[in-house]
Amino acid sequence: VEGELVEFEYRSPHSWVHVTVTDENGQMQKYSAEWVTAARLKQNGVEADTLKIGDRLVISGAPGRNASERRVHLKSIERPADGWKWAGRAGPR
């Protein structure tokens with residue numbers, strides 16, 4: 001999923017990254033990616049202000065069971081503009 005950040009919920013039990021994506025019909029769709037807890041993110045150097053509204057993000061992960069909900073279980077995330085990446089237990093790169 002590649003899109004623009006519209007909301008970052010830095011919290012427990014799960015953090016969430018919400019992005020808008022242009023679908024195959026040119027329509028904007030909101031996708032939500034479930035991330036790990038805020039405490040685990042902090043251990044890996046990710047703070048509440050690491051991601052900013054408007055950031056262009058590329059998110060990889062496992063799709064939710066119901067495709068119409070447009071949810072993803074986040075496995076990795078990157079911000080191509082500056083090369084910032086997070087990939088699971090490896091932490092930011």
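Asp-82 and Arg-79 form a salt bridge through their side chains, at 3.1 Å from N to O; a salt bridge is a side-chain nitrogen of Lys or Arg within 4 Å of a carboxyl oxygen of Asp or Glu. The model is predicted, so that local features need pLDDT of at least 70 and side-chain atom pairs count only at pLDDT 80 or more, while totals for chains, interfaces and linings use all residues. Residues are numbered from 1 along each chain as its sequence is written, and side-chain values use heavy atoms, with hydrogens and water left out.

Asp-82 is exposed, because its relative accessible area is 51%, whereas Arg-79 counts as buried at 10% relative accessibility. Buried here means under 20% relative accessible area, exposed means over 50%, and partly exposed lies in between (1.4 Å probe, protein chains only). The pair belongs to a network of salt bridges that links Asp-55, Arg-79 and Asp-82. In the whole structure, five salt bridges were found. Among them is that of Arg-11 with Glu-9, in which the closest N and O atoms are 3.2 Å apart. Arg-11 is partly exposed, with 40% relative accessibility, and Glu-9 is buried, with 19%. Another joins the side chains of Lys-42 and Glu-47 at 3.5 Å, N to O; Glu-47 has a relative accessible area of 30% and is therefore partly exposed.

The chain contains one helix and six strands, arranged along the sequence as β-β-β-α-β-β-β. Helices (H or I, at least four residues) and strands (E, at least two) are DSSP runs, numbered from the N terminus. Along the principal axes, the C-alpha atoms fill a box of roughly 40 × 30 × 20 Å. Of the 93 residues, 37% count as buried. The accessible surface of the chain is about 5,600 Å², and carbon and sulfur atoms account for 46% of it; these areas come from the Shrake-Rupley method with a 1.4 Å probe, and for residues only the protein chains shown count as cover. Of the contacts (heavy atoms within 4.5 Å) between residues at least 6 apart in sequence, 44% join residues at least 24 apart.

In soluble globular proteins, nonpolar side chains tend to be buried together. A nonpolar core is defined as a set of buried Ala, Val, Leu, Ile, Met, Phe, Trp, Tyr and Cys residues joined through side-chain atoms within 4.5 Å. The largest such core in the chain has 18 residues, of which Val-17, Trp-35, Leu-51, Leu-74, Ile-77 and Trp-86 touch the most other members. Two or more residues of this core come from each of β1 (2-9), β2 (16-22), β4 (56-63), β5 (71-79) and β6 (84-87). Beyond four places in sequence, Leu-51 touches Leu-5, Phe-8, Val-17, Trp-35, Leu-57, Ile-77, Arg-79 and Trp-84.

Lys-52 lies in the loop between α1 (38-43) and β4 and is partly exposed, at 43% relative accessibility. A polar atom of the Lys-52 side chain lies 2.5 Å from the backbone oxygen of Asp-49. The C-alpha atoms of Lys-52 and Glu-7 are separated by 8.3 Å, although the two residues are 45 residues apart along the chain.

Gln-29 is placed in strand β3 (residues 28-34). Its side chain makes a polar contact of 3.2 Å with the side chain of Asp-23; a polar contact is a pair of N or O atoms within 3.5 Å, where within protein one must be able to donate a hydrogen and the other to accept it, and residues adjacent in sequence count only if both atoms are side-chain atoms. With neighbours within four places in sequence left aside, Gln-29 is in contact with Val-19, Thr-20, Val-21, Asp-23 and Arg-70.

Arg-70 lies in the loop between β4 and β5 and is partly exposed, at 28% relative accessibility. Arg-70 has a positive phi of about 50 degrees and is not a glycine. The peptide bond from Ser-12 to Pro-13 is cis, with omega near 10 degrees, and Pro-13 is in the loop between β1 and β2. Most residues other than glycine have a negative phi, and most peptide bonds are trans.
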